[in-house]
Amino acid sequence: MYLGTGFSEMSPNFVGLCCFFLGLITIVHSETDQKDVEALNVMFTSLNSPKKLKDWEPSGGDPCGDGWKGIDCSGSSVTEIKLSDLGLSGSLGYKLASLQSVTYLDVSHNKISGDIPYQLPPNLKHLDLSDNSFTGGVPYSISLMSSLKDLDLSHNKLSGQLSDMFSKLQKLDYLDLSENKLSGSLPQSFGSLASLSSLFLQSNQFSGQINVLGKLKLNDLNLADNQFTGWIPNELTTIKNIDIEGNSWSTGAPPSGMTSSDKIKSNHVSNGNLSGAVIAVIVMATLLVLAIMLAIASKRRSSFSSSLIDEEENRSRHKSFNNSFGSNRYPNGIGNDADAGFKVDVKALQSSGPIGLKPSLSSRLKSLKGSEPANNTTPQRKVSFVVTPFVLADLQTGTNNFAMGRLLGEGSIGRVYKAKFDDGKVLAVKKINSSFFQGGKSEKFSEVVASISMIYHPNIVELSGYCSEQGHNMLIFDYFRNGSLHEFLHLSDEFSKPLTWNTRVRIALGTARAAEYLHESCSPPLVHRSIKSSNILLDAELNPRLSDCGLAIFYQDATENLGAGCSAPECIRGSAYTFKSDVYSFGVVMLELLTGRMPFDSSKPTAEQHLVQWATPQLHDIDSLERMADPALRGLYPPKSISRFADIIALCVQTEPEFRPPMSEVVESLHRLIQRA
């Protein structure tokens with residue numbers, strides 16, 4: 001009775017005060033939204049857990065409450081991520097789409113690599129991924145960011161064509177895609193960018209006409225150093241800052257509504273005549289003063305300068321010819337600084353010396369951003385890398401003398417071993433059978449190394465080094481801890497996390513892009529001859545990396561084929577392989593992704609042992625497809641997506657080679673499948 005009476009007699013002011021303090025305690029101890037925490041945990045791990053990200057943790061934590069570096073919050077939600085110029089490497093992770101409240105993401109001026117994540121924070125207003133080493137294409141998910149105002153993907157290694165993804169970006173004011181390897185025509189949805197004022201596309205491989213840009217009200221436009229053709233729309237002649245140099249514009253009298261490129265050039269130059277003259281005078285005066293000063297001091301320092309230069313040159317030569325296997329050239333499985341453009345010295349390779357590589361050109365400076373100070377330009381970077389010659393004794397130590405316990409796999413051309421070194425580096429060593437080099441054909445290996453070292457694509461395993469000593473010929477690659485697609489699909493135990501449908505489609509698309517690169521971008525074009533799930537390695541984020549590229553010369557001589565169920569019908573012997581044979585083998589990989597079955601499985605009933613023969617008649621029946629789908633998917637896939645996936649398979653595994661599509665069409669079909677999803 002007393003307690004009940006006491007409580008009932010408490011004053012309203014006291015009760016209100018208690019509620020206030022309880023609320024205060026709740027605020028003090030409130031944690032960041034769990035989805036945001038998990039997304040940042042994954043991001044931290046994917047960035048190789050850098051020490052510069054103070055207070056960040058690989059699991060758990062309170063980004064908002066503990067003040068993680070670069071993180072701004074509103075209440076319990078992360079709203080801004082600012083990680084520019086911190087020397088970060090690795091990748092961005094796969095959970096960014098969970099960051100629903102993030103409106104500002106800036107990781108510019110770092111060394112982040114890999115594809116730009118397909119799923120990004122959906123409500124971004126500012127996205128800056130510039131000056132990194134991102135590869136792949138521009139993700140189509142950007143098309144859904146209706147609030148986006150600024151998008152900067154410049155100074156990366158993006159490639160492929162732009163999808164027609166810009167129709168919903170009505171608020172986009174600033175777009176910079178410069179200094180990449182993007183190609184193809186400008187998408188028609190560019191014309192929907194009603195708010196766009198600054199567009200930078202310079203130093204890519206864009207082609208076709210630019211008529212679609214005539215609809216825009218731009219203040220800044222840079223189209224320099226592309227492959228554009230045609231004439232300039234009249235509407236663009238009033239743009240204050242414009243650069244169209246370095247294209248293949250049409251000559252002669254332009255059609256109605258168009259302007260000759262010569263007229264644009266003269267307008268552009270005339271606007272800068274005065275400032276150019278002033279700058280010229282200043283430069284000449286400065287040079288004159290410097291010349292006088294140098295003349296006075298030249299005698300006193302000439303000998304010192306000479307000795308300094310000689311010393312620096314000696315250091316440079318010593319450094320370039322002493323590349324050890326312990327270098328961190330590939331800290332993330334693919335070279336952050338591995339740009340295009342290098343030359344392999346085959347003679348140097350044959351003499352067991354290091355392969356010399358020609359560095360790429362320095363990055364071209366952004367010159368048209370009027371809002372930036374004149375001295376706020378991107379620093380030039382000399383980009384180069386070396387294919388490292390390995391010493392046989394080091395490889396023997398790393399593989400425990402090529403012990404069976406270090407054997408990763410065996411194929412028709414040799415064995416692959418896992419090599420561990422004292423500095424923690426782990427590599428994969430492919431030891432090619434000596435039978436391929438009978439008769440002293442060591443030059444064949446030299447040619448192979450020279451050829452492979454020219455191959456660079458984000459979905460292809462890159463050559464790290466080689467060894468050619470005492471009759472041993474070995475190729476060295478980075479080691480992928482996730483193993484191969486074959487292992488993921490067919491050898492995983494019941495406790496392993498299965499591949500989701502979206503991941504399977506992404507693996508198919510990445511592998512198709514790798515094959516397309518070999519078939520249509522390499523010079524001369526390359527047939528792979530061994531596209532199969534065991535040659536598709538998976539990186540930390542389950543992105544595919546096609547291995548054994550450039551080794552077709554060995555597969556041509558090999559007596560074995562790809563294996564039961566993988567080879568095209570026309571491939572009775574290795575030398576019969578063509579580009580269309582690769583397409584067939586890729587279709588078999590897609591079937592494995594769809595069904596979870598091996599290309600040939602003797603444990604199955606006779607009618608189901610050969611995967612292609614069993615699956616092909618059912619590929620156009622939606623009910624059959626649902627029964628064929630890998631049970632590990634547990635039905636978690638869109639029926640339309642799996643049907644379209646099956647349609648692509650049916651085209652690839654046709655009996656007659658001429659009816660199979662080229663890999664570029666396969667890539668486009670898979671890309672459309674993702675867009676529709």
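Modeller: Let me begin with a term: contact means heavy atoms within 4.5 Å. Among contacts in the protein chain between residues at least 6 apart in sequence, 54% join residues at least 24 apart.

Colleague: What kind of model is this?

Modeller: This is a predicted model, in which local features need pLDDT of at least 70 and side-chain atom pairs count only at pLDDT 80 or more, while totals for chains, interfaces and linings use all residues. Residues are numbered from 1 along each chain as its sequence is written, and side-chain values use heavy atoms, with hydrogens and water left out.

Colleague: How many helices and strands does the protein chain have?

Modeller: The protein chain has 17 helices and 26 strands. Both are DSSP runs numbered from the N terminus, helices being H or I with at least four residues and strands E with at least two.

Colleague: And how much of the chain is buried?

Modeller: Of its 677 residues, 47% count as buried. Buried means under 20% relative accessible area, exposed means over 50%, and partly exposed lies in between (1.4 Å probe, protein chains only).

Colleague: Where is Pro 254, then?

Modeller: Pro 254 lies in the loop between strand 17 (241-243) and strand 18 (258-259). Its relative accessibility is 33%, so Pro 254 counts as partly exposed.

Colleague: Which residues does Pro 254 touch?

Modeller: Leaving aside residues up to four places away in sequence, Pro 254 touches Trp 231, Thr 259 and Ser 260. Pro 254 and Trp 231 are 23 residues apart in sequence, and their C-alpha atoms are 6.5 Å apart in space.

Colleague: How many bridges join strand 21 to strand 22?

Modeller: Seven bridges join strand 21 (residues 414-420) to strand 22 (residues 426-432), and the two run antiparallel. Gly 414 has Ile 432 in strand 22 as its bridge partner.

Colleague: What does strand 2 pair with?

Modeller: Strand 2 (residues 77-82) pairs with strand 1 (residues 71-74) in the antiparallel sense over four bridges. Asp 72 has Glu 80 in strand 2 as its bridge partner. This hairpin has two residues between the strands, and Gly 75 takes a positive phi near 65°. Strand 2 also runs parallel to strand 4 (residues 104-106), joined by three bridges; here Ile 81 stands opposite Leu 105.

Colleague: Let us turn to helices. At what angle do helix 13 and helix 16 pack?

Modeller: Helix 13 (residues 579-595) and helix 16 (residues 639-652) pack at an angle of about 150°, with their axes 8 Å apart. Helix 13 is therefore roughly antiparallel to helix 16. Axes are lines fitted to C-alpha atoms, for helices over the stretch in contact, and angles run from 0 to 180 degrees between N-to-C directions. Angles under 35 degrees count as roughly parallel, over 145 as roughly antiparallel, 65 to 115 as roughly perpendicular and the rest as oblique.

Colleague: Which residues meet there?

Modeller: Among them, Phe 586 and Leu 594 are in helix 13, and Phe 645 and Ile 649 are in helix 16.

Definitions and conventions: Two strands pair if DSSP finds at least two bridges between them.
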